[in-house]
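Here is a friendly tour of the fold you are about to see. Take a moment to turn the model around before reading on.

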Amino acid sequence: MARSTEWPHDVGILAVELIFPHLYVDQSDLEVYDGVSQGKYTVGLGQSKMGFCTDRDDINSLCLTVVTRLMERNSIAHASVGRLEVGTETIVDKSKSVKSVLMQIFEEHGNFSIEGIDTTNACYGGTAALFNAVSWIESSAWDGRLAIVVAADIALYAKGNARPTGGAGAVAMLVGPDAPLVIERGLRSTYMRHVYDFYKPNLESEYPVVDGKLSIQCYLSALDNCYQMYCDKAGKVMQEKNQFQWDVNCFDSILFHSPYCKLVQKSLARLVLIDFVRAQRFGHNESFIGLEKFANVKLEDTYFDKDIEKEFLVFSKECFKNKTEPSLFLANQIGNMYTPSLYGGLVSLLLKKPGNLLAGTRIGLFSYGSGLASSFFSIKVSDDSSVGSKLDVLVRSVLNVQEQLDLRLKVSPEDFSKILEDREKNHHVAPYTPSAQVDNFFPGSWYLKYVDDKYRRYYDRVPLS
Ligand code: ACO
């Protein structure tokens with residue numbers, strides 16, 4: 001691509017690819033196996049299925065697969081890529097980046113000149129990588145080439161109440177100018193602080209140390225802060241309306257990092273609660289009929305207030321159905337993929353809403369990573385959804401996801417537990433040759449062949465057909 005003398009316009013997502021494991025465990029089977037009450041995982045957490053990996057998959061194999069597929073399915077020339085960033089918290093090496101492993105895809109095409117390395121902070125790494133890629137394209141360092149952002153993780157919890165909130169997957173996004181999904185400039189809010197809600201201090205283990213209740217409180221407080229900051233900024237930047245009028249109605253879709261779907265439904269209800277609190281402040285509460293009794297509520301007192309939660313869940317039901325539910329499709333079917341989770345929400349939206357209904361809309365996105373790092377930002381969708389337009393091509397490119405979901409294999413909770421025990425035992429063992437079958441892997445998937453006695457990892461690829 002020739003370097004233009006102008007700054008690039010409409011920088012955003014040109015193409016997207018999502019992958020997930022070929023195995024899943026059913027959450028209702030897991031309820032029985034774990035001896036919890038029926039409905040706890042399926043209704044209480046809102047999860048149907050959970051994808052998981054055998055010992056044939058690690059973070060490198062997932063990323064190799066998703067980048068290769070993005071390149072092949074979108075006919076991207078290897079020479080056209082000038083930046084590649086990986087966001088992940090699935091660390092197999094404290095020094096060597098996943099990005100450097102991905103270079104082998106480009107080396108055979110003679111492209112060794114690709115900026116970017118890995119970014120880590122729990123489920124936020126992918127968003128930081130996306131912001132980096134956009135900044136590079138909008139900077140003086142940009143040389144006219146495209147960027148690829150990869151968000152990937154294997155989300156595993158030790159046996160216990162957090163285990164049903166695992167998952168795994170990877171998303172790769174091609175980022176460049178004149179995109180059908182434009183990351184809105186100047187419309188971004190960020191909230192970061194030091195907390196121990198979820199962290200991985202034991203480098204020998206794939207499991208985090210997690211304080212479930214604290215992590216929910218941190219997630220919701222980060223949402224409160226990011227959303228209010230975004231609304232203040234949007235009100236000023238847009239100058240179309242006064243600050244107090246910037247609310248959920250200004251978004252056609254609102255997507256969230258999804259630890260489990262029920263928390264996302266509560267989060268959308270929380271945005272409506274925040275709108276209500278802001279409306280009180282500005283004396284414009286006429287659209288919140290029946291909620292007057294909560295007029296003096298303080299947001300920080302409400303994280304686990306069941307009355308408020310219930311009332312606002314009911315009040316925001318239609319809003320949730322229209323603006324958020326379509327984006328939860330993959331979170332419900334795969335589980336928490338950690339850093340790809342929010343972008344799995346974007347793919348779900350593209351899958352569930354026809355292009356002509358998406359065209360010209362604004363999508364709000366909330367990214368959260370424990371520890372904590374969080375941002376609220378927005379995407380403006382191109383208003384051209386005609387056949388052959390960039391938006392049309394993008395929407396059609398994700399239709400294969402449903403087909404892949406249907407091809408997955410269901411595994412019993414007993415076998416699922418055994419596979420996780422094997423991962424636990426063999427994590428960081430060298431030399432090591434994985435024992436899981438590769439026959440049922442999706443065509444074109446990369447997998448771990450072996451780890452040699454110097455901890456070097458070798459991969460192979462399942463044929464494309
Ligand atoms: N039928 C329907 N609902 C039920 C049933 C049932 N039989 N049994 C329980 N429930 C409901 C509960 O009432 C509860 O609903 P509520 O949250 O609306 O009150 C829900 O199911 C979950 O039950 P809890 O008893 O609260 O669940 P538990 O405490 O065992 O575990 C938790 C939930 C804390 C989320 C745990 O899975 C966890 O630690 N997960 C990892 C941390 C996490 O995801 N944090 C979120 C942000 S950080 C991140 O993204 C990693």
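What follows is a short briefing on the pockets, cavities, cores, sheet and backbone details of this structure.

Please keep in mind that this is a predicted model. The largest pocket has a volume of about 860 Å³, and a search of the whole structure also turns up three cavities of 30 Å³ or more. There is an open sheet of nine strands, and the largest nonpolar core has 100 residues.

**The largest pocket**

- The lining of the largest pocket is made of 38 residues, and those nearest its centre are Thr90, Ile91, Val92, Asp93 and Lys94.
- Helix 4 (98–107), strand 9 (198–199) and strand 16 (457–461) each bring at least two residues to this lining.
- Helix 4 is the top contributor here, giving five residues.
- Sorted by class, the lining of the largest pocket holds 15 nonpolar, 13 polar and 10 charged residues.

**The second largest pocket**

- This pocket has a volume of about 500 Å³.
- It is lined by 24 residues, with Thr165, Val210, Gly212, Ser215 and Tyr260 closest to its centre.
- At least two lining residues come from each of helix 2 (40–44), helix 6 (212–238) and strand 12 (362–369).
- Helix 6 gives the most to this lining, with five residues.
- The classes in the lining of the second largest pocket are 13 nonpolar, nine polar and two charged.

**A closer look at threonine 165**

- Threonine 165 sits in the loop between strand 6 (146–155) and strand 7 (167–176).
- Is threonine 165 buried or exposed? Its relative accessibility is 11%, so threonine 165 counts as buried, the cut-off being under 20%.
- Leaving aside residues up to four places away in sequence, threonine 165 touches Leu45, Tyr157, Pro259, Tyr260 and Asn336.
- One of these contacts, Tyr260, is also among the residues closest to the centre of the second largest pocket.
- For a sense of scale, the C-alpha atoms of threonine 165 and valine 67 are separated by 26 Å, with the two residues 98 apart along the chain.

**Enclosed cavities**

- The largest cavity has a volume of about 200 Å³.
- Its lining has 17 residues, and Arg423, Asn426, His427, His428 and Arg457 are the closest to its centre.
- Helix 15 (413–426) and strand 15 (446–451) each supply at least two residues of that lining.
- The lining of the largest cavity counts seven nonpolar, four polar and six charged residues.
- The second largest cavity has a volume of about 110 Å³.
- Of the 13 residues lining the second largest cavity, Ile19, Phe20, Asp57, Phe442 and Ser445 come closest to its centre.
- Helix 3 (residues 59–73) gives the most to the lining of the second largest cavity, with three residues.
- In the second largest cavity, the lining divides into seven nonpolar, four polar and two charged residues.

**Nonpolar cores**

- Within the largest nonpolar core, Leu102, Phe106, Val150 and Leu271 touch the most other members.
- Helix 7 (residues 261–282) gives the most to this core, with 12 residues.
- Beyond residues up to four places away in sequence, leucine 271 touches Leu223, Tyr227, Val248, Ile254, Phe256 and Phe376.
- Apart from this core lies another one, of 49 residues, including Ala133, Ala147, Ile363 and Ile379.

- Strand 11 pairs with strand 12 in the parallel sense over four bridges.
- Isoleucine 254 stands opposite glycine 364 in strand 12, and isoleucine 254 is also one of the contacts of leucine 271.

**Backbone details to look for**

- Glycine 371 and leucine 372 are joined by a cis peptide bond, with omega about 10°; leucine 372 is in the loop between strand 12 and strand 13 (373–381).
- Another cis peptide bond joins alanine 430 and proline 431, with omega about -5°; proline 431 is in the loop between helix 15 and strand 15.
- Aspartate 10 is not a glycine but has a positive phi, near 50°; aspartate 10 lies in the segment before strand 1 (12–19) and is partly exposed, at 45% relative accessible area.
- Alanine 122 also has a positive phi, of about 45°; alanine 122 is in the loop between strand 5 and helix 5 (125–137) and is buried, at 11% relative accessible area.

Methods
Residues are numbered from 1 along each chain as its sequence is written. This is a predicted model: local features need pLDDT of at least 70, side-chain atom pairs count only at pLDDT 80 or more; totals for chains, interfaces and linings use all residues. Side-chain values use heavy atoms; hydrogens and water are left out. On a 1 Å grid over the protein atoms alone, a cavity is a set of points where a 1.4 Å probe fits but cannot get out, and a pocket is an open set with protein on both sides within 12 Å along at least five of seven lines; lining residues have an atom within 4 Å of a point. Grid points are joined across faces, edges and corners, and a volume is the space filled by probe spheres set on the points. Ala, Val, Leu, Ile, Met, Phe, Trp, Tyr, Cys and Pro count as nonpolar, Asp, Glu, Lys and Arg as charged, and the others, Gly among them, as polar. A nonpolar core is a set of buried Ala, Val, Leu, Ile, Met, Phe, Trp, Tyr and Cys residues joined through side-chain atoms within 4.5 Å. Buried means under 20% relative accessible area, exposed over 50%, partly exposed in between (1.4 Å probe, protein chains only). Contact means heavy atoms within 4.5 Å. Two strands pair if DSSP finds at least two bridges between them.
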